[in-house]
Amino acid sequence: MKRGLQLDRVVLLGRTFEEYRRYFLLEPDDLVAKRVLDVAGGVSSFCAEANKLGINVTSFDPIYSLPSDKIMERSEPDLESVYQAIGSVPTYRWGYYKNPEYMRELRQRASIIFLSDYKAHPERYVAGELPRLSFADGEFDLTLVSYFLFAYQHQLGYEFHRESILEIMRVTRGEARIYPTVTFEAQPSEYIPMLRSDPTLQRFEFTEIKTNFEFLVNSNFFLRIRRIESL
């Protein structure tokens, strides 16, 4: 029997800079003037908040092909449906968010900040879909993916994950970080050991890094991907 949040598609939720910092153990001062790509950024405020700190963030998501009013028409019902369901789902720990009401408040705040920045700086928001990225080789120092790969394992197959990671690493000269490493059932993704043993990915090192943040049970790790220097 499934215990996690039941989602039949990728939902459009906003997350804040502080949440990203905790997900990925980011040190903001170390990222000033660096180029960062936020894949599947949705209506998160990370891009807007990071750019204010001097971090050069570009956000990538298929939803950016739409005008702002159409984006909000979709994101608001997504947030409401998750809010209504999540309080009774046993695969979450409420330490950071305290309760569903506070979680919804943070998500709404993030989407408001996103919307303002999306209108003011459309060049920061690039429309497109994995497993293809419309960027040059090695364009970014760091690429982040939150709550997309691995979390939606049952909707997105292994080949999609492999091709997405190859493309992410093509445009990333430094490292990529993917959070979380578990599905919405709070189970470790079965794709991670498959990626490690895949012959097409042998030039990359996959390391699970422990964070100090856990909302979805067992979500206190992100996957770091780096090139193996000797190769």
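This is a predicted model: local features need pLDDT of at least 70, side-chain atom pairs count only at pLDDT 80 or more; totals for chains, interfaces and linings use all residues.
Okay, a definition to start: helices (H or I, at least four residues) and strands (E, at least two) are DSSP runs, numbered from the N terminus. Two strands pair if DSSP finds at least two bridges between them. Residues are numbered from 1 along each chain as its sequence is written, and side-chain values use heavy atoms, with hydrogens and water left out.

Seven strands make an open sheet with mixed pairing, in the order 3-2-1-4-5-7-6. Strand 3 (125-126) and strand 6 (204-210) are at the edges, and each has a single partner strand, so one side of each has no neighbour in the sheet. In general, strands of a sheet pair through backbone hydrogen bonds, either parallel or antiparallel.

Ser59 has Tyr125 of strand 3 as its bridge partner. Further in, strands 4 and 5 run parallel and are joined by six bridges. Leu144 sits opposite Arg177 in strand 5.

How many residues of strand 5 are buried? By buried I mean under 20% relative accessible area; exposed is over 50%, and partly exposed is in between (1.4 Å probe, protein chains only). Six of the eight are buried, so strand 5 is largely enclosed by the rest of the structure.

Now something lying over those strands. Helix 1 (residues 17-24) lies across strand 1 (35-39), strand 4 (140-146), strand 5 (172-179) and strand 7 (221-227), and runs at about 100° to strand 4. For that angle, axes are lines fitted to C-alpha atoms, for helices over the stretch in contact, and angles run from 0 to 180 degrees between N-to-C directions. Contact means heavy atoms within 4.5 Å.

Let me pick out Asp38, in strand 1. Is Asp38 buried or exposed? Its relative accessibility is 1%, so Asp38 counts as buried. Setting aside residues up to four places away in sequence, Asp38 touches Tyr20, Phe46, Val57, Thr58, Ser59, Phe60 and Leu144. Take Thr58: it is 20 residues from Asp38 along the chain, yet their C-alpha atoms are separated by 6.2 Å.

Next, two serines in helices. Ser75 is in helix 4 (residues 68-86) and is buried, with a relative accessible area of 4%. Leaving out neighbours within four places in sequence, Ser75 is in contact with Leu12 and Val43. Ser111 belongs to helix 5 (residues 100-120) and counts as buried at 9% relative accessibility. With neighbours within four places again left aside, Ser111 is in contact with Val43 and Met72.

Most residues other than glycine have a negative phi, and most peptide bonds are trans. Here, the bond from Leu130 to Pro131 is cis, with omega near 10°, and Pro131 is in the loop between strand 3 and strand 4. The bond from Tyr179 to Pro180 is cis too, with omega near -10°.

Pro180 is in the loop between strand 5 and helix 7 (191-197), and Ala186 is found in the loop between strand 5 and helix 7 as well. Ala186 is not a glycine, but has a positive phi of about 65°, and it is buried, with a relative accessible area of 4%. Asn218, in the loop between strand 6 and strand 7, has a positive phi near 70°. Asn218 is partly exposed, at a relative accessible area of 38%.
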